[in-house]
Amino acid sequence: MMESSGDSVDVLLGHPWLPVCISGCQLLAKAWFGDTAYRILLTDMRCVWEERMDSAAIQDRAQDLNKRLRAPVKAFFSHLREVAQPCLSGRGQMEGEAQMSLTRREDENVCVRLKSELAGLPFYWEFRCTPAPVTLVCQQLVRPLLAMSRLLQRQAEQLGDLLVRKDAEIQDYKENGATLSRERLQTEVFEEQTYREDFIAQAVPHVCSGQQEGLGFDADLQDLYTSIVAHGNARTRKRKPSAPLAPQDVLATEEREVDQAANHSPSPGEGSVSSEPGKGHAEQTGSGCKDTAGAKMADGVAEQQHAPVMRDPADRPASRPKKKKAVGLFR
């Protein structure tokens with residue numbers, strides 16, 4: 001039931017995690033639907049589940065769940081995509097009579113059942129998700145979240161430095177006789193250590209009090225996740241390593257590339273040193289290329305004279321297409 005091509009992996013990685021609610025369960029979800037294939041990821045922050053389905057597997061499951069269905073995948077897959085995507089993308093309740101429910105099984109698998117109406121008859125579908133491997137969890141969740149935390153930490157440090165400079169600017173105004181016109185606008189001097197301790201004491205209990213708040217990815221975090229993943233994919237395509245990096249070396253490689261980009265500066269005379277040998281080599285080989293040009297041209301003419309004559313496709317008899325009988329989705 002695995003996707004035949006690896007295109008869905010990169011496409012799904014570029015999608016942010018979206019908060020969804022199925023049967024009262026707060027989850028984060030990713031979903032990718034192609035023409036006749038799909039892939040989904042679900043997590044409750046205790047486990048991550050996935051399912052990949054290609055056209056053949058979708059056809060078998062559709063016939064198993066809908067005994068009267070005899071249509072090809074292309075005929076009903078668009079309907080499946082239209083009724084499933086709203087719920088798996090956090091858009092709320094689905095339109096029409098479509099219903100979706102989630103069941104946890106004893107084997108740690110998750111089954112998401114979908115019931116809708118297709119061509120006037122009930123249409124049933126099941127997303128049978130199994131626990132995802134650790135490598136997939138690290139790729140889709142752990143590594144991007146670690147990168148997001150590092151980026152947000154740097155942002156907080158820069159904002160703290162900005163506040164310190166603002167306090168110094170305000171103090172300079174006061175020493176030169178400036179006064180505050182409105183007393184309510186007065187603020188205390190920013191002390192980073194005190195602020196951090198107070199923030200952790202007040203924010204941590206509030207964030208950890210509700211599971212829904214812990215799973216929620218707002219629009220800003222979704223954009224940050226997408227930007228980090230897109231930047232990582234661009235670096236991977238630019239580098240094009242002969243062998244994939246080990247998971248424990250990925251973070252060290254990212255930090256090393258940042259340091260190299262900051263410290264690298266080309267030497268002034270590097271380009272002029274290597275240009276002269278290349279020029280002399282071109283002068284030595286130029287005369288040899290001229291001597292062999294005539295022989296290659298003669299060989300090309302001879303090959304054109306002995307080339308076989310291909311039959312014009314227009315002379316072939318045209319075959320008449322067979323008429324197909326119109327068949328409905330159900331028989």
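**Exercise 1.** Which residue in β7 is the bridge partner of E50?

*Solution.* The structure is a predicted model. Begin with the two strands concerned: β4 covers residues 48-53, and β7 covers residues 121-131. These strands pair in the antiparallel sense over 2 bridges. Within β7, the bridge partner of E50 is T130.

**Exercise 2.** Determine why β4 is described as largely enclosed by the rest of the structure.

*Solution.* First, separate the side chains by direction. V48, E50 and R52 point one way, while W49, E51 and M53 point the other way. Second, examine burial: residues on both sides are buried. Since 6 of the 6 residues of β4 are buried, the strand is largely enclosed by the rest of the structure.

**Exercise 3.** State which residues of helix α2 are buried, and name elements that cover them.

*Solution.* Helix α2 spans residues 55-65, and its buried residues include A57, I58, Q59, R61 and A62. The cover over the buried residues of α2 includes β3, β4, α3 and β7.

**Exercise 4.** Classify I200 as buried, partly exposed or exposed.

*Solution.* I200 is located in helix α5, residues 192-209. Its relative accessibility is 45%, so I200 counts as partly exposed. Together with Y195, F199 and V204, I200 makes a nonpolar surface patch of about 400 Å².

Methods
Residues numbered from 1 in each chain as written. Predicted model: local features only at pLDDT ≥ 70, side-chain atom pairs only at ≥ 80, totals over all residues. Heavy atoms only, no water. Buried < 20%, exposed > 50% of the residue type's maximum accessible area, 1.4 Å probe, protein only. Helix = DSSP H or I, 4+ residues; strand = E, 2+ residues; numbered from the N terminus. Pairing = 2+ DSSP bridges. Contact = heavy atoms within 4.5 Å. Patch = residues over 30% accessible without salt bridge, like charges linked within 9 Å, V, L, I, M, F, W, Y side chains within 5 Å. Areas by Shrake-Rupley, 256 points an atom, 1.4 Å probe, with all protein chains shown as cover. Salt bridge = Lys/Arg side-chain N within 4 Å of Asp/Glu carboxyl O.
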